[in-house]
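Please look through the structure below before reading the numbered points.

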Amino acid sequence: MSLLEINNLHVRFSAGHGHEVRAVNGVSLAVEQGESVGLVGESGCGKSTLGNAVLRLVPVQAGTVRFEDQDVLTLAHRDLFHYRRRSQMIFQDPYGSLNPRIAIGAAIEECLAVHRLGNRAERKRRVRDLLQTVGLDPDYAARYPHEFSGGQRQRVGIARALALDPVFVVADEPVSALDVSVQAQILNLMKDLQQARGLAYLFIAHDLAVVRYMCDRVLVMYAGAIVEAAGVDALFACPSHPYTQALLSAVPDVEKGLRARAAGVRREIVQGEVPTASSLVAGCPFHPRCPYAMDLCRAQLPDERAVGPGHTSRCHFAGKLPPT
Amino acid sequence: MEDNLLNVDQLSVFFRTRTEPVRAVNGVSFSVAPGETVALVGESGCGKSVTALALTRLVAKPGYVAGGNIRFAGRDVLAMDPAQLRQMRGAEIAYIFQEPATSLNPVFRVGWQIAEALKLHRAGIAVRAEVISLLNRVGLPDPERRLNAYPHELSGGMQQRVMIAMALACRPRMLVADEPTTALDVTIQAQILDLLVRLQEELGMAILLITHNLGLVAGVARRVNVMYAGRIVERGPVEQILGQSAHPYTRGLMAAVPRLSGGKTRMIGIPGAVPNPARLPTGCPFHPRCPKAQALCRQEDPIETIITEDHRVRCHFWK
């Protein structure tokens, strides 16, 4: 049994005038205890909505979410309250997710108070411990968010997510708002905490290099669906979905750039726009941008097919495309 | 030196405050040759965008140029009168910025906004035809229809294409691209970058690329200037800066960037955070974060040392 199991999840939003946005369109995935699963994709692909849906922050139209063998979507009252202790979230924007008028110690303590953990003195002590755990001076508890740099604020966000000792954390673009020199500090902190506490992460990101560093497995999302899933090394070594291939080739990378410059070659670039969730097409959602699209792709949504051990791809021609 | 299109020498830009002025740009020197792509790399608050704006004297109050020299195409930019500046802005040096949505006026159709620059700088041409040809050139699909669109009707990538069309309208000799792809999705980033490179080849303009992304720099720039706390701490050809970096900050950045080809070996970040330009440390501004810092670094700001003719570094202990 996996820690988290999602089956055929659908999240739809009303866009007015009878229109509907299919943000998450039949997603299934599993996260094991202590595992770090990356969810990558471009803006509007549904990755954040999926993360929110798992934590029951947005209503779900269909499908199931099971966590520690409980049906998350039907949890109510005390059970839901308890679920929120086991699963937490780290947000992208440490500026937006902290109340500017509440000292950071109080912001962390609030989680403990809401869940009635310890008395005041014990909670204060716990806050100091948490600050230390994330590499901040415990005396900073009395300071306000504006007194911190972006990296320090993200440490506060992590401390708050860990306050209730969760086993599962959704991290939604936790380092993309940070400067490069600080990113590595936060990623390393998250790795250390994962190891020390046996945390499982659903790590949502658009930066493939960050995902490669952080994750054991990667899921690639496009237009509300997971188009490829694989172990991190397999995905980067032999991406089988044309979208994954396009993403990998589009990422600006130091070595790749220097090599291409030395060889005088120009890379292949995928054309077309990222689809909006309300403008879905028939057949495979990627076919308008796909260099290999055939009539079959325009007519029929491809099923998930296995292309290797633990490696699946939603492409009619997976495994038959030229290697990148 | 006059072979260069742009020569910036010891440029300082400060911001007045109630107390000490904030030294956002502090004695920066670099050059751009005609048709060349030069990168200005650094993290938030290092002064790269202020440097870019100062090139056409666009730094708004309370900012002011506190010293140095800017020469563009042989003319002294700091000595220009308002009419000369107006003539140069847009026509000779054009800009594109990170957030196309905030750079476009939301209440005017995009065709009109492109035409505005044409009417100002290139009187007497067939404006509509030229706008369509510009939009074609930047790869905006269906330009006859799109020129009637308002900015919010276009995606981020299309908005950036419109910005590029505006910037190119007057055939500038230099394009300043300030984080031109940062707000865009990766696949769109690659398209826009590819477009810039192609247009540069066609039009022979120089590009000053301002970015924090070393991967981007590796792909397109010929020479690189690395900025930290208002200074250029290292500059040289891209292969040397990224391949044999001499400054501990450049090296730290290189080690902190996750790589596609990288595995799980622990990355080494740079400890601490970027300093607030209002409270710069004494001596070398990087010393509080530097693994090699010694007593000298705390006391004395290093001057630029020449490693090879075109590779220079500001560090006491670069060897």
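1. In the largest nonpolar core, which has 190 residues, the members that touch the most others are Phe203(A), Met221(A), Ile114(B), Val162(B), Ala165(B), Met174(B) and Leu208(B). Such a core is a set of buried Ala, Val, Leu, Ile, Met, Phe, Trp, Tyr and Cys residues joined through C-beta atoms within 7 Å, where buried stands for 20 or more other C-beta atoms within 10 Å of a residue's own, the C-beta atoms being placed from the backbone. Helix α7 (residues 156-168) of chain B gives the largest share of this core, eight residues, and at least three residues come from each of domain 1 and domain 2 of chain B.

2. This is a predicted model, in which local features need pLDDT of at least 70 and side-chain atom pairs count only at pLDDT 80 or more, while totals for chains, interfaces and linings use all residues. Residues are numbered from 1 along each chain as its sequence is written, and chains are lettered from A and ligands numbered from 1 in the order in which they are written.

3. Between the chains, 38 residues of chain A are in contact with 39 residues of chain B, contact being defined by C-beta atoms, placed from the backbone, that lie within 7 Å. On the side of chain A that touches chain B, at least two residues each are supplied by α6 (180-197), α7 (208-214), α9 (242-250) and α10 (254-263) of chain A, and α6(A) gives the most, with eight residues. Helices (H or I, at least four residues) and strands (E, at least two) are DSSP runs, numbered from the N terminus.

4. The domain assignment of chain B, whose bounds come from an automatic or database assignment, gives domain 1 (6-92 + 173-260 + 267-313) and domain 2 (101-171). Their C-alpha centres lie 29 Å apart, and the contact takes 12 residues from domain 1 of chain B and 12 residues from domain 2 of chain B. On the domain 1 side, helix α8 (residues 186-203) of chain B provides the largest share, six residues.

5. Chain B also holds an open sheet of eight strands with mixed pairing, in the order β6-β7-β8-β3-β9-β10-β12-β11, where two strands pair if DSSP finds at least two bridges between them. Four bridges join β6(B) to the parallel strand β7 (residues 174-178) of chain B, and Ile93(B) stands opposite Met174(B) in β7(B).

Terms used: Two residues are in contact if their C-beta atoms, placed from the backbone, lie within 7 Å. A residue is buried if 20 or more other C-beta atoms lie within 10 Å of its own, exposed if 12 or fewer, and partly exposed in between; C-beta atoms are placed from the backbone.
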